Amino acid sequence: MKHFLNTQDWSRAELDAVLAQAAAFKRSKAGDQLKGKSIALVFFNPSLRTRTSFELGAFQLGGHAVVLQPGKDAWPIEFGVGTVMDGEAEEHIAEVARVLSRYVDLVAVRAFPKFQDWSVDREDTVLRAFAKYSTVPVINLETITHPCQELAHALALQEHFGTRDLRGKKFVLTWTYHPKPLNTAVANSALTIATRLGMDVTLLCPTPEYALDERYLGWARDNVAESGGSFRMSHDITEAYTGADVVYAKSWGAIPYFGRWEQEKPIRDAHKHFIVDEAKMALTNNGVFSHCLPLRRNVKATDAVMDSPACIAIEEAENRLHVQKAVMAALANK
Ligand code: CP
């Protein structure tokens, strides 16, 4: 069964085809690729962009989307194997995924980490269980990676630079401040796609404790070996920003502090100066700025940066619609 759990599972040719189809959908939004087909969108966490763009995307291709929020408007689900289900959950993923597969042609899942134990969260249990039991393709709507965001960002960069070939661009993935510890998913994904596309990637973060999980650092190294780009980590803001073509910002919690966030808080609060501002952007090579959104203005990035012509975050958000239509069309018609 072909799923879309991570871009790393798809060949470069498959990703290029999705990006080309997304660009075509952007030029002409209507299609019949999902005519008579349907998708279940299973949300364990809130969303503005993902939910809206998937629902509309299915509609624009002649399909239908059903949104389910387990524990709210659908039964709470158990994911453990062999669990005696005498707690909150009313049904098991073994039934949920197989029943949904009898109704719909695609299942898509958003399930953020629990932020208590990274060794547990990194197993991506919810998404993996849907993929295990579903008999239709499963799409990742953001768990510990966010592959749809990756493709939307890639398309926005291709549009901005006027070329599909992004090799040699200097890409800075910068940690930025947020009062709470956030998911590493978008950072993992940005690192994955930027190295896959052959860019020269710098991961800028406050201290070595903010390094991403070794799985994604390994993907970056593998991608660089194949694509011819480069990858390094830096804790020096000025050095990292200087000459950058792309600045991509995200905040995330330091992995060693999962489950003891009160100890991470002073470190995080000492790095509010990682905010993306005009002074830092002035160091770049007339660089472009983006963020997955939602974004707290004047915490993660200043008003001046968000409102500048260099900011392509809105373009990237629009591209979610186009790339997801391309992903749905590719999977539904296999
Ligand atoms: N970027 C993103 O996934 O946005 P939402 O959380 O609003 O879906």
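The model is predicted, so local features need pLDDT of at least 70, side-chain atom pairs count only at pLDDT 80 or more, and totals for chains, interfaces and linings use all residues. Residues are numbered from 1 along each chain as its sequence is written, and side-chain values use heavy atoms, leaving out hydrogens and water.

Helices (H or I, at least four residues) and strands (E, at least two) are DSSP runs, numbered from the N terminus. Axes are lines fitted to C-alpha atoms, for helices over the stretch in contact, with angles from 0 to 180 degrees between N-to-C directions.

| Helix pair | Angle | Axis separation |
|---|---|---|
| α1 (residues 12–27) and α13 (residues 313–332) | about 115° | 8 Å |
| α7 (residues 185–196) and α8 (residues 214–227) | about 10° | 8 Å |

The angle makes α1 roughly perpendicular to α13, a label for 65 to 115 degrees, while angles under 35 count as roughly parallel, over 145 as roughly antiparallel and the rest as oblique. Their crossing is right-handed, that is, the near helix is turned clockwise from the far one by less than a right angle. Contact means heavy atoms within 4.5 Å; among the residues making it are Val18, Leu19 and Phe25 of α1 and His322, Val323 and Ala326 of α13. By class, this contact has 7 nonpolar, 3 polar and 4 charged residues. Here Ala, Val, Leu, Ile, Met, Phe, Trp, Tyr, Cys and Pro count as nonpolar, Asp, Glu, Lys and Arg as charged, and the others, Gly among them, as polar.

Helices α7 and α8, by their angle, are therefore roughly parallel to each other. Residues including Leu191 and Thr195 in α7 meet partners including Trp219 and Asn223 in α8. The contact of α7 with α8 has 6 nonpolar, 5 polar and 1 charged residues.

**The recorded site**

An unreviewed UniProt entry lists Glu142, Lys250 and Leu293 under "binding site". They span 152 residues in sequence, yet no two of their C-alpha atoms are more than 14.4 Å apart, so they gather at one spot. Lys250 sits in strand β10 (residues 246–250).

**Backbone features**

Most residues other than glycine have a negative phi, and most peptide bonds are trans. The bond from Leu293 to Pro294 is cis, with omega near 5°; Pro294 lies in the loop between β11 (288–290) and α12 (303–306). Phe115, in the loop between β5 (106–110) and α4 (118–121), has a positive phi near 70°.

How values were computed:
UniProt positions are given in the numbering used here, feature names are shortened, and annotations may be inferred rather than shown by experiment.
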